[in-house]
Amino acid sequence: MHGFSLNQVRLLDSEFATQAEINRRYLHSLPVDRLAHNFRLQAGLPSQARPLGGWEKPDCELRGHFSGGHYLSAVALAYASHGDTVLKERGDALVAILAACQQPNGYLSAFPESFFDRLSRGQKVWAPFYTIHKIQAGMLDMYQHAGNAQALKVATGIGDWLVHWLNGFSDTEMAHIEKTEFGGINESMYNLYAITGNGRHLEAAHRFDQASLLDPLAAHRDELKGLHSNTQVPKIIGAARRYELTGEPRYRRISEFFWETVTGERTYATGGSSNDEFWKTGPGDLKGQLGLYAAESCVAYNLLKLTRHVYEWNGDPRAFDYYERTLYNARLGTQDENGMKLYYYPLQAGANKYYNTPFDSFWCCTGTGVEEFARFNENIYFREGTDLYVNLFIPSELDWPEQQLKLRQETGFPREPRTRFVLALGKPITMALNLRIPEWIGPDAAVRVNGETLDVFASPGSYLTLRREWRDGDRIELDLPMTLRNQPLPGDDSLRAVRYGPLVLAAQLGGKGLTHAMQYAGMWAAPDPEPKPQPAPRVAMTSPRQMDWLKAADTPLSFTASTLHGELPVVPVNQIKHQRYAVYWQTEMAAAGES
């Protein structure tokens, strides 16, 4: 299974397009000279720019991860996805500045090379390889998505420096080095090898095989309890790239088992995972994990990246059941109206979302956020041979010149329960159009071709395959009825989240008393003061599936919940900003007939 290039899929008017535009405005607001400031100082070059704050402060040990890494990836993606030439020019300018800052041995960072001496000696240092990975990945994205050849030269220099740095370390010494978060340096080195074909880059990537993590996964054992969540996911993405480049089945087993256990046993209803950045419990048990610092946004971002790899191997539409749920509930609602992003997605009842500030945060999740919101067009369509697969119901237009096909998807989903496709063809073609039938689909689903209802359909969690000769102007309409259902918290059946189709709903608890400091944070992602925990809204039910306590309101995607303490308005959690909310409900089972 293969995806399409970003420039082959264009977003049409929708919430996704709106959020992508907000993100681009934020990227436009970041001056290149401020982004380059720490790199220039480190290289001994003059800079009069005002320093950035937060994790990009001149004394922060993670400086450079956003300014020289995530930013470059995001502008490259925005150029490829939206044709934003101004951002491309800024990315090109930053690449040129950083190239001038690169040392003759290939080292490039906003902090000194001595950080790696500390790492090798076992002294405390904040994740230097994590930052180098982001810088190298940003350069590779500028090469692959924005055609910047200088960026590839810089990325190759970083790779050559890494090869040299690794020389002489034993496997035992590497095991100690790997105890410090190293991001996805294995992935970026594999990606570099895929371009250069240089075996030294491949071997360097292999050196980051962390046996303590990978060996249990290869044996299908979940020993993730106690591990920092987002430290692990990029390592598995690297393992996935190793499988794709070498064909070693061990790394496919590792990647698929990790994906299955985390997405199936360690995620909330939203698709997010982690609490206080860790997996604190065993698989299938999230009791007590609905924290203020739950569901770190980077974890969801990286799980979506891994999901794409797994799907491309097996083509299982159920992978996109997870992808869709996470995209709508753990990613789409993480940006405010000015492009500020969440670090955590709080699941503590009565909490509110709190975002970064424009120039004084630059958290890891700020970086993955600006990338995510630049690539919403990436995974809507896939192909296998001449067959086409539709996995997401997002207004968009696909250009497939090899098939002389343009497919336009027109929909108001999820505000309307259907989507429509119009084919523009240079000549009639015979192909299979495969429409994902999601696991959440309700009764009375149907498909129509040129206005005629077909006497076929497919089971939830599968594809509806329409194979025929298609002609210019053919139209397909797919009904996507949605129903209300609840989903228990793994390990605690009394706490339940409500889903409507792919959307997770949340009670709106109002914004009284919320201050700016409680909604926007600087260096450290914590509201000031922290809100006090509240009990989850309580509802009475006579059976686990009962949903008559939730009624549709007049506005699309709006509901009213009848709780034991009165009525509450309910909307999709991704719509909620600047007020408190509750995703999980405390259910109390009563005998039929009791009130």
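Trainee: Where does leucine 557 sit?

Mentor: In the loop between strand 19 (550-552) and strand 20. Strands here are DSSP runs of E with at least two residues, helices are runs of H or I with at least four residues, and both are numbered from the N terminus. Before we go on: this is a predicted model, where local features need pLDDT of at least 70, side-chain atom pairs count only at pLDDT 80 or more, and totals for chains, interfaces and linings use all residues. Residues are numbered from 1 along each chain as its sequence is written, and side-chain values use heavy atoms, with hydrogens and water left out.

Trainee: Why is leucine 557 called buried?

Mentor: Buried means under 20% relative accessible area, exposed means over 50%, and partly exposed is in between (1.4 Å probe, protein chains only). Leucine 557 has a relative accessible area of 9%, so it counts as buried. Its phi is positive too, about 65°, although leucine 557 is not a glycine.

Trainee: Is aspartate 444 buried or exposed?

Mentor: Exposed, because its relative accessibility is 72% and the cut-off is over 50%.

Trainee: And why is asparagine 38 called buried?

Mentor: Its relative accessibility is 8%, which is under 20%, so asparagine 38 counts as buried. Asparagine 38 lies in helix 2 (residues 32-42). Leaving aside neighbours within four places in sequence, asparagine 38 is in contact (heavy atoms within 4.5 Å) with Glu56, Lys57, Pro58, Arg63 and Ala110.

Trainee: How do you know that strand 20 and strand 21 pair?

Mentor: Two strands pair if DSSP finds at least two bridges between them. Strand 20 (residues 559-563) and strand 21 have five, in the antiparallel sense, so they pass. They form a hairpin with two residues between them, and threonine 563 stands opposite glycine 566 in strand 21.

Trainee: What joins strand 16 to strand 21?

Mentor: Three bridges, with strand 16 (residues 503-510) and strand 21 (residues 566-572) running antiparallel. Alanine 507 has valine 570 of strand 21 as its bridge partner.

Trainee: What span is expected for helix 14?

Mentor: The rule is 1.5 Å times one less than the number of residues. Helix 14 (residues 297-314) has 18 residues and reaches 26 Å from its first C-alpha to its last, close to the expected 26 Å.
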